[in-house]
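Reader: I have a protein model open and I would like to learn how to read it. Could you walk me through it step by step?

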Amino acid sequence: MTDISTTPMRQETRWKPVWNWLRHDTRTLLSAIALTIIVGAALLARWIAPYDPTAQDYMAILEPASMAHLLGTDDLGRDIFSRLVYGASASIYASFLAVGVAAVLGVPIGLIAGYAGGWTDTIISRVIDTFLSFPSIVLAIAVTGALGIGLTNAMISVGIVFAPQLARLVRARTLVLRQELYVDAARCFGASTPRILLHHILPNAIQPVIVQMTMLMAVALLAEASLSFLGLGMQPPDSSWGSMLARAYLYMEIAPAQMYAPGIAILVTALAFNALGESLREALDPTSREQ
């Protein structure tokens with residue numbers, strides 16, 4: 001039996017105009033270039049960084065930018081550029097981990113709630129509303145306290161906080177898609193519920209989820225910076241952009257330049273993820289592509 005909604009030709013037809021729109025969009029190009037550079041630096045940190053990010057030089061404390069230290073040194077004489085490059089690895093990893101956890105938890109919950117309906121949907125929806133009623137950062141701090149301090153635990157907690165957002169989005173799409181004729185046809189041909197969810201509903205509900213996940217990458221990056229700033233994320237001597245900001249804040253009056261590099265890195269990366277998410281949203285909207 002052929003799945004009408006998920007044949008290769010239909011999938012190609014669905015995504016081809018999106019790809020054509022994106023590759024001619026200047027905002028998408030600039031965002032992709034920025035993210036490629038940042039991710040590339042994170043992956044090649046070992047070869048790009050001129051110094052060990054944890055190496056201390058007490059003869060070069062809080063030095064300004066120079067040929068020896070491109071972005072200066074911190075209060076322990078560590079090279080800021082090296083820590084910035086290695087910090088990119090931690091911050092990007094943190095964003096992907098948080099969004100990945102959110103997708104693994106939120107997408108199945110949303111599918112089940114939207115397709116099952118009835119009391120199942122009511123109970124799951126009330127749980128989702130309960131989670132969404134709490135401020136995100138407060139809930140993330142509470143979950144981090146339960147899981148333990150550390151970057152991985154902190155970002156798992158952020159992913160748990162993000163999961164209800166994806167669950168609600170998927171549920172809303174599933175409520176619409178379960179009424180479509182191809183879903184009724186699949187039921188008539190005896191398709192099981194997991195097959196209907198995975199082969200008929202999920203492929204047609206995934207587009208807005210991809211957009212939301214792209215934008216959540218920026219939010220996760222800021223959440224990592226916030227939790228590391230509070231001492232709940234990356235622990236010394238390792239570096240992330242958030243932990244660098246936390247350390248630089250202590251010496252803001254005598255060496256304010258320390259804050260510029262991690263602050264600008266967070267700003268540029270978050271803007272790139274947001275811009276890419278907006279481009280995806282417009283590309284997936286047929287009315288935007290026609291303008």
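Author: Let's go from the overall fold to single residues. Keep in mind that this is a predicted model.

Reader: Happy to! How many helices and strands does the chain have?

Author: There are 12 helices and zero strands. From the N terminus on, the elements run α-α-α-α-α-α-α-α-α-α-α-α. Of the 291 residues, 44% count as buried.

Reader: Where does UniProt place the feature "transmembrane region"?

Author: An unreviewed UniProt entry places it at residues 29–49, 92–117, 137–163, 209–234 and 254–276. Over residues 29–49 the chain is 90% helix, with the end C-alpha atoms 27 Å apart. Over residues 92–117 the chain is 96% helix, and there the end C-alpha atoms are 37 Å apart.

Reader: Is Met217 buried or exposed?

Author: Met217 counts as buried because its relative accessibility is 6%, and buried means under 20%. Met217 is in helix α9. Beyond its neighbours within four places in sequence, Met217 is in contact with Ser95, Phe96, Val99 and Phe273.

Reader: What about the surface? Which residues form a nonpolar patch there?

Author: The patch consists of Ile137, Val138, Ile141, Phe229, Leu230, Tyr249, Leu250 and Met252, with about 730 Å² of accessible area together. Helix α6 (residues 136–147) gives the most to this patch, with three residues. Leu230 is found in the loop between α9 (193–229) and α10 (241–249).

Reader: Now the charged side chains. How many salt bridges does a search of the whole structure find?

Author: The search finds seven. In one of them, Arg247 pairs with Asp75, the closest N and O atoms being 2.7 Å apart. This pair links distant parts of the chain, with Arg247 in helix α10 and Asp75 in the loop between α3 and α4, 172 residues apart. Asp75 is buried, with a relative accessible area of 9%, while Arg247 is partly exposed at 32%. Another salt bridge joins Arg83 and Asp74 (3.9 Å, N to O), and both of these residues are buried. Asp74, Arg78 and Arg83 are linked in a network of salt bridges.

Reader: Last, the backbone. Which peptide bond is cis, and where is Leu62 found?

Author: The general rule first: most residues other than glycine have a negative phi, and most peptide bonds are trans. Here the bond from Pro236 to Pro237 is cis, with omega near 5°, and Pro237 is in the loop between α9 and α10. Leu62 has a positive phi, near 55°. Leu62 is found in the loop between α3 (45–48) and α4 (80–116), and is partly exposed, with a relative accessible area of 25%.

Technical notes: Residues numbered from 1 in each chain as written. Predicted model: local features only at pLDDT ≥ 70, side-chain atom pairs only at ≥ 80, totals over all residues. Heavy atoms only, no water. Patch = residues over 30% accessible without salt bridge, like charges linked within 9 Å, V, L, I, M, F, W, Y side chains within 5 Å. Areas by Shrake-Rupley, 256 points an atom, 1.4 Å probe, with all protein chains shown as cover. Salt bridge = Lys/Arg side-chain N within 4 Å of Asp/Glu carboxyl O. Helix = DSSP H or I, 4+ residues; strand = E, 2+ residues; numbered from the N terminus. UniProt positions renumbered as here; feature names shortened; annotations may be inferred. Buried < 20%, exposed > 50% of the residue type's maximum accessible area, 1.4 Å probe, protein only. Contact = heavy atoms within 4.5 Å.
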